[in-house]
Amino acid sequence: MLSSGSQDIWVGREEELAVLERAVERIRTGTGTAVWIEGEAGIGKSALATRGLKAAHSAGFEVLTGAADPMAQRSPLHVMVDLLRISQRSDDPRRAEIARVLRERRLGLLEPTDVVWAEIELLVGFVDEVCTEGPTVLLLDDAHHLDDASLLCWHRLVSAVDQLPLLLVATCRPTPSRQEVRDLRATISRRGHSVCELTPLTDVESDRLLARLLGAASDSTRDRLAALAMGNPLYLRELANAVSLESDGADDRLPASFGEALTRRLGALSDAATETLRTAALLGGKFSVTDLAVLMRRSASELAGALEDAVAMGIVMDTGTELIFRHPLLRQALYQSVPSALRSALHLEAAQALAISASQPLRVAEQLAASDLAGDAWARQWLEVHAAQLAAQAPELAIDLLRREVNHVQVGEGRTSTLLVVLGWVLLGVGQYREAVDCAQRALAVVTSARHRSEVEFVLVRALFSLGEHQAGIDAVRRSLSRPDLPVVWRARLLGCLAMAQRGGENDTDSADTTAQLALNMAESVHDSFAAAYALIVLWMNRSVRRDHSAALGLLDRALELLRTGPDHSDLRAMAEDGRIFTLQNLTRWEDAAAALRHRTSGARQPGITAAVLRYWLGEWDDALAELELDHTAAAGFSYSGLREPGPLLLWHGVAALIAARRDDRELAQQHLQAGLALPTPTVADRENLDFLIAARAVVLEQAGDHTEAKTVLAEILLHRGRSEMTLTHQWLPDLVRLALEDDDQETARAALNACRAEASAEVEPGRAATALLRCEGLVKRDADALSTAVTRYREVGPAVDLAMALEDLAVVLADREDAATARDAFNEAVDLYTRFGAEWDVRRVDRRLRTHGVRRGVRGKRGPRDLSGWQALTPTELRIAAMIADGQSTPGIAANLYLSPRTVQTHISHVLGKLGVRSRVEIAREVFRQRARSAAVLS
């Protein structure tokens with residue numbers, strides 16, 4: 001028989017080995033890279049990766065390995081957690097803490113969004129921290145089996161790999177290939193990383209390998225084996241091993257196929273080893289000795305001999321924490337040697353044994369799924385208890401098991417009711433709204449307890465509203481509310497849903513107020529923080545519509561206090577936190593808004609839309625774009641939590657389009673406009689998010705010289721705002737006045753002025769609209785005093801973008817009054833601000849407007865476009881991040897210090913690398929040290 005050392009025999013693959021060896025050298029110097037290894041089963045992907053990474057092991061780098069299997073696709077991030085050795089039993093406190101956080105996640109009442117986003121950021125941040133301690137390698141086998149969340153996590157790592165001493169190696173079969181896997185491969189290739197496609201060994205290479213494996217075997221033997229193997233290294237080794245089992249090696253004793261070679265390999269096992277491995281095969285491609293001992297009801301020491309034989313024969317391999325079958329075909333052969341009916345019974349027995357041993361619910365559920373047996377009383381009872389916890393770990397697996405059980409019996413059988421309730425919650429939680437509606441309607445026919453009926457009715461209502469079926473949702477709410485036995489807590493929650501629908505679907509703020517206040521009173525009477533906070537958010541929306549921003553702020557503060565002390569409803573808390581930032585802006589409390597953004601607790605779960613809007617008005621446009629940069633997820637075909645609905649996506653495209661347009665990047669602006677304006681706007685919430693897109697479209701039209709159409713487009717803000725919409729029209733009305741006056745359209749200018757006057761008068765406490773009114777009046781009446789007052793207010797409280805535009809308007813009015821000197825001062829200050837934002841179009845526009853009055857800019861230092869490369873091109877945020885990199889801080893550490901998300905910091909680091917023309921953090925640090933030395937020399 002071939003010795004285990006024969007696995008070290010190697011031929012061919014010189015180019016591919018060189019790719020991996022160069023990658024190891026790159027991380028040695030601080031520059032990361034990704035390698036994708038693709039090929040059919042047995043072609044040598046894993047062997048190539050292992051051999052190519054020998055230098056990484058020898059150098060003492062952190063090398064973490066993992067593998068996906070078919071079950072992985074139903075368990076979000078399980079593969080990545082295993083790969084990174086995240087465990088509560090870990091000696092590393094960071095790993096143990098992450099494991100604790102992952103374990104404690106829950107399905108919430110408002111969970112149509114994916115909780116995995118925060119977890120992905122947590123894992124990516126952990127990898128970043130590990131990389132700050134030294135070069136790191138992540139090796140992932142069988143990427144074709146990855147779940148979507150793990151694929152996205154790998155995308156995130158690929159997008160960060162240029163910034164870290166990190167080597168990502170993934171192996172994958174070419175077929176069957178999911179679109180998400182193809183997208184990941186394309187991203188790796190597009191970013192300039194390596195894709196190695198392994199082809200069969202040549203005839204010469206096959207013969208060389210067989211000669212080294214078999215020694216003095218005849219030419220005819222080697223030729224026959226080579227023909228059977230077709231250049232597949234695994235087949236060559238297994239065939240050679242089968243031949244070695246026969247002492248004479250006669251041609252008539254050669255295996256007729258690869259399958260026969262496998263049979264001979266397994267036939268050489270002892271009876272004890274065969275029994276042990278057959279049981280192990282039930283656990284999948286990898287298994288722990290502990291689980292195997294539980295299934296076989298033996299101690300680990302009793303299994304040691306059989307497992308040692310299996311390792312010595314190369315059937316299984318020891319990874320240090322688990323044993324894995326060296327090839328899926330070996331496990332499959334053992335697995336299929338057990339009759340299918342017996343396999344099903346054994347899987348059910350394995351599930352029971354694992355449950356008794358307090359194994360993780362996921363391991364138990366995998367065995368239940370593999371049993372393919374429905375209707376077992378024990379399995380149903382176990383699911384009733386553990387389905388919610390299982391759904392948090394593997395929602396698709398939970399859905400499959402629950403669906404199988406509830407479909408096994410007749411609808412009228414009462415024992416289906418509990419499982420139907422749980423299934424409805426899980427379907428709602430993962431966003432499968434249509435099936436959630438069907439499940440809830442089925443459950444309503446069989447549930448008997450008031451509590452279960454209430455839960456099902458809530459699921460039904462939430463799913464209907466999420467589908468946009470507002471009238472059906474409202475009808476369902478009213479039916480539920482008519483029940484005399486409806487518990488108060490569920491009555492409060494359903495009233496909250498009804499209030500939100502009245503406000504967002506029916507444009508009826510008065511009814512929404514009444515309903516929300518009733519929901520709040522009920523929720524407070526039973527101390528239900530969810531229903532109370534939800535009702536307070538509806539009331540906040542209505543106060544915002546009525547421009548009573550101080551009262552609105554108080555409502556949100558009450559909601560956040562409830563959510564801080566009550567259960568974790570993270571989506572609801574994120575909504576309240578974002579609303580608070582919005583309201584502080586309306587009160588012109590810009591510094592408080594920025595502070596609220598920095599201290600937001602739910603930011604990791606949401607895209608940076610709220611942050612981007614705030615940073616837009618503060619003039620921090622590079623930071624705003626960093627918040628919006630989602631290239632890696634767009635390439636992956638994924639949407640961020642919160643971007644599945646049109647509203648936030650409209651705003652995302654709108655902010656990006658407006659910044660691009662004002663920076664005179666017309667092509668990019670058009671791309672965002674095209675994508676944004678193609679989205680439907682069926683609800684109030686959607687229409688409230690249209691204003692940035694409309695403003696961007698007006699800028700693009702003005703750039704094309706069509707002032708009339710630009711004015712008409714911007715006037716849509718006046719024509720289409722419903723009475724229950726909170727759209728802040730006043731922030732765009734001064735632009736509409738300017739466009740109307742330039743088009744000599746006094747009627748539209750007056751209409752805009754009157755609209756702004758109405759907005760200002762609606763503000764219970766004078767805020768942004770009051771100052772915008774000064775700008776509108778100053779433009780229409782050519783009143784420099786009104787504009788000067790607006791400039792003073794903007795200087796005192798902000799925001800910077802409005803200050804620049806007010807200065808521009810003041811300069812034009814002063815020039816019109818032939819006060820050239822004062823006009824030039826305002827002109828220059830406006831240009832300085834626009835230049836700081838990178839608003840090249842605004843600079844050209846104000847130049848044009850003042851030139852018609854004979855006023856030109858004075859000489860005020862450096863002029864012209866911003867530097868695009870080199871140290872001078874770095875923004876203030878990028879300079880701070882570069883300094884922190886030089887001080888040895890990780891991305892999570894930088895994010896914590898600057899109150900940014902790790903993803904946003906990652907984007908800034910990418911920009912720093914590009915502007916400095918360097919490839920790693922090490923080189924960024926060198927440039928920082930060089931700049932510090934230069935500054936010190938100048939000072940001395």
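In which helix do Glu 927 and Arg 930 both lie, and how many residues apart are they? Both belong to helix H50 (residues 921–939), at a separation of 3 residues, about one turn of the helix. This briefing concerns a predicted model. The protein comprises 50 helices and 8 strands, and 58% of its 940 residues count as buried.

**Overall composition**

- Among contacts in the protein with a separation of 6 or more, 69% are accounted for by residues 24 or more positions apart.
- The structure holds 58 salt bridges; three of them are described under a separate heading below.

**The five-stranded sheet**

- An open sheet is built from 5 strands with parallel pairing, in the order S2-S3-S4-S1-S5.
- Strand S2 (62–67) and strand S5 (194–197) stand at the edges and have a single partner strand each, so one side of each lacks a neighbour in the sheet.
- On average, neighbouring strands of this sheet are turned by 15° against each other, direction ignored.
- Strand S3 (residues 136–141) pairs with strand S4 (residues 166–172) in the parallel sense, over 5 bridges.
- Leu 139 stands opposite Val 169 in S4.
- In general, the strands of a sheet pair through backbone hydrogen bonds, in either a parallel or an antiparallel manner.

**Helices against the sheet**

- Helix H1 (residues 14–28) packs on the sheet and touches strand S1 (33–38) as well as S3, S4 and S5.
- The direction of H1 makes about 160° with that of S1.
- Helix H8 (residues 179–190) lies across S1, S4 and S5, and runs at about 130° to S1.

**Selected salt bridges**

- Side chains of opposite charge can pair when their charged atoms come close.
- Glu 349 and Arg 297 meet through their side chains in a salt bridge, at 3.2 Å from N to O.
- Glu 349 lies in helix H17 (residues 340–356), whereas Arg 297 lies in the loop between helix H14 (289–296) and helix H15 (300–312), so this pair ties together parts that are 52 residues apart in sequence.
- With a relative accessibility of 35%, Glu 349 counts as partly exposed; Arg 297, at 61%, counts as exposed.
- Asp 528 and Arg 493 form a salt bridge in which the closest N and O atoms are 2.8 Å apart.
- This pair links distant parts of the chain, 35 residues apart: Asp 528 is in the loop between helix H26 (509–525) and helix H27 (529–545), and Arg 493 is in helix H25 (residues 488–504).
- Asp 528 counts as buried because its relative accessibility is 9%, under the 20% cut-off.
- Arg 493 also counts as buried, at 12% relative accessibility.
- Glu 927 and Arg 930 form a salt bridge with their closest N and O atoms 2.1 Å apart, within helix H50.
- Glu 927 is buried, with a relative accessible area of 16%, while Arg 930 is partly exposed, at 43%.

**Helix H49**

- Helix H49 (residues 902–916) contains 15 residues, which at 1.5 Å a residue should span 21 Å.
- The end C-alpha atoms of H49 are 21 Å apart, in agreement with that expectation.
- Of the 15 residues of H49, 11 are buried, so the helix is largely enclosed by the rest of the structure.
- The buried residues of H49 include Arg 903, His 908, Val 912, Leu 913 and Lys 915.
- Just after H49, Gly 917 takes a positive phi of about 65°.

- Ala 873 is located in the loop between helix H46 (840–851) and helix H47 (876–886).
- With a relative accessibility of 8%, Ala 873 counts as buried.
- Leaving aside residues up to four places away in sequence, Ala 873 touches Asp 867, Leu 868, Glu 878 and Lys 915; Lys 915 is one of the buried residues of H49.
- Ala 873 and His 911 are separated by 38 residues in sequence and by 9.9 Å in space, C-alpha to C-alpha.

Conventions:
Residues are numbered from 1 along each chain as its sequence is written. This is a predicted model: local features need pLDDT of at least 70, side-chain atom pairs count only at pLDDT 80 or more; totals for chains, interfaces and linings use all residues. Side-chain values use heavy atoms; hydrogens and water are left out. Helices (H or I, at least four residues) and strands (E, at least two) are DSSP runs, numbered from the N terminus. The expected span of a helix is 1.5 Å times one less than its number of residues. Buried means under 20% relative accessible area, exposed over 50%, partly exposed in between (1.4 Å probe, protein chains only). Two strands pair if DSSP finds at least two bridges between them. Axes are lines fitted to C-alpha atoms, for helices over the stretch in contact, and angles run from 0 to 180 degrees between N-to-C directions. Contact means heavy atoms within 4.5 Å. A salt bridge is a side-chain nitrogen of Lys or Arg within 4 Å of a carboxyl oxygen of Asp or Glu.
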